[in-house]
Amino acid sequence: MSGSAGPDEVVFSRPYRASGELANLEAVLRSDHSHGDGDFTRSATRRLRAVSGAPHALLTTSCTHALEMAGLLLGLRPGDEVVLPSFTFPSAATAVVARGAVPVFVDIDPLTGNIDPNQVAEALTPRTRAVTVMHYGGVPVDLDAVLAVTEPAGVALVEDNAHGLGGRYGDRMLGGAGVMATQSFHDTKNVHCGEGGALLVNDDVLFRRAEILREKGTDRARFLRGEVDKYTWQDQGSSYLPSELNAAVLDAQLAEFDTIQAARHRVWNAYAAALGEWADAHGVRLMSSDPGLQHTAHLFYLVMPDHEGQQALIAHLRTHGVRATFHYVPLDTSPAGEHFGRRLTQLDRTAQFSRRLVRLPLWAGLADAQVERVIAGVLSYRP
Ligand SMILES: *Cc1c(COP(=O)(O)O)cnc(C)c1O
């Protein structure tokens, strides 16, 4: 998006640059180790465990690949069903379809954009193997309500935690509620390495298997720790591990995690404080989060009264040099969603949310003057 922006334009998103990145990259390039699972992978993984609270973490090439690993680890088979929100990124569904299983789309809670736990309960069948939730914008899903449905049914919970790193639901870290969680380090995310991801695993047995799936189906991870004297083909698998070059950038970013988050929350809080009155006066709803929970300031969005309002606000901001944008197109009515998936009901709340939502620029390097420009742009909009 920044590619087509004018010189004074407030771009929608700009990747953070951490101070240690160049030195880390130089260290990798000067070493003879740029393939995966070197010192930077170990360091970044340690930092990721600290930030997420996860007992086990594995860096991957993407969140998409981490979701595919989760599908393998769950042993999804043709005919199995996985319940997920229609309002999410397609990878949550492609990982299910890759195993021949069926994504079953349900609606959202319109206050958060997160999966509606009541619909999860209605969608369960004897073929349901898992529920995948996503903490939209970093606002926690009602995990107690979802677990109250999944646990008695013996259905696995997977958190697509691409937006939720560092967030909290009560005293629980996001990514820690289910059996597994996935992270994205794509450069549109709070912490990134260009392209990258991770699988968080909250189960010791699954973690052992996850290490093997990630390393081409071999026990190379155990070999590197000196636990076996050679490595051999053990199981299904693929190559899901990132290069040390990616890990070097990620390690530098995770070292500045608190700084990144503080900068993002500052922008989020400025929008929330400045736009409330205007929103009330114009029938607009601002993104909000239960004050008892800890969101991650991944996004800041407004829900306009109708689709025309969405289009008009985006166009108005553009004339003020501010790039705002919509978000996910519902999966259940997309071409592949109709072909591969099933939906519980007509998902009206998802359709409306998608057609009304406007995201404002939110990134760690936004200057105060830019934040003021965005706010002035929104306040000058009249429906
Ligand atoms: C970004 C994102 C993904 C995909 O991440 P990649 O690392 O690009 O594969 C998946 N799910 C959600 C919710 C995302 O925001």
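Helix α1 passes helix α9 in a right-handed crossing, where right-handed means that the near helix is turned clockwise from the far one by less than a right angle, and left-handed anticlockwise. The residues in contact (heavy atoms within 4.5 Å) are Glu-21, Asn-24, Leu-25, Val-28 and Leu-29 of α1, and Glu-244, Leu-245, Ala-248, Val-249, Asp-251, Ala-252 and Gln-253 of α9. They divide into seven nonpolar, two polar and three charged.

This is a predicted model: local features need pLDDT of at least 70, side-chain atom pairs count only at pLDDT 80 or more, and totals for chains, interfaces and linings use all residues. Residues are numbered from 1 along each chain as its sequence is written, and side-chain values use heavy atoms, with hydrogens and water left out.

**Helix packing**

Helices (H or I, at least four residues) and strands (E, at least two) are DSSP runs, numbered from the N terminus. Axes are lines fitted to C-alpha atoms, for helices over the stretch in contact, and angles run from 0 to 180 degrees between N-to-C directions.

| Pair | Axis angle | Axis distance |
|---|---|---|
| α1 (21–30) and α9 | roughly 155° | within 8 Å |
| α2 (39–52) and α9 (244–255) | about 35° | 8 Å |

Helices α1 and α9 are therefore roughly antiparallel (angle over 145 degrees) to each other.

The crossing of α2 and α9 is left-handed. On the α2 side, the contact is made by Asp-39, Phe-40, Thr-41, Ser-43, Ala-44, Arg-47 and Leu-48. On the α9 side, Glu-244, Ala-247, Ala-248, Leu-250, Asp-251, Leu-254 and Ala-255 take part. These residues divide into eight nonpolar, two polar and four charged.

**The sheet**

Eight strands form an open, mixed sheet in the order β1-β11-β10-β7-β6-β2-β3-β14. Strands pair if DSSP finds at least two bridges between them. The edge strands, each pairing on one side only, are β1 (56–60) and β14 (342–343). Strand β3 (102–106) pairs with β14 in the parallel sense over two bridges. Val-104 has Arg-342 of β14 as its bridge partner. Helix α7 (204–214) packs on the sheet. It touches β1, β10 (180–184) and β11 (197–201), and its direction makes about 20° with that of β1.

**An enclosed helix**

Which residues of α3 are buried? They are Cys-63, Ala-66, Leu-67, Met-69, Ala-70, Gly-71, Leu-72 and Leu-73. Buried means under 20% relative accessible area, with a 1.4 Å probe and protein chains only. Eight of the 11 residues of α3 (63–73) are buried, so this helix is largely enclosed by the rest of the structure. The cover over these buried residues includes β1, α4 (91–97), β7 (156–160), β10, β11 and α7.

Definitions and conventions:
Nonpolar A, V, L, I, M, F, W, Y, C, P; charged D, E, K, R; others polar. Parallel < 35°, antiparallel > 145°, perpendicular 65-115°, else oblique. Buried < 20%, exposed > 50% of the residue type's maximum accessible area, 1.4 Å probe, protein only.
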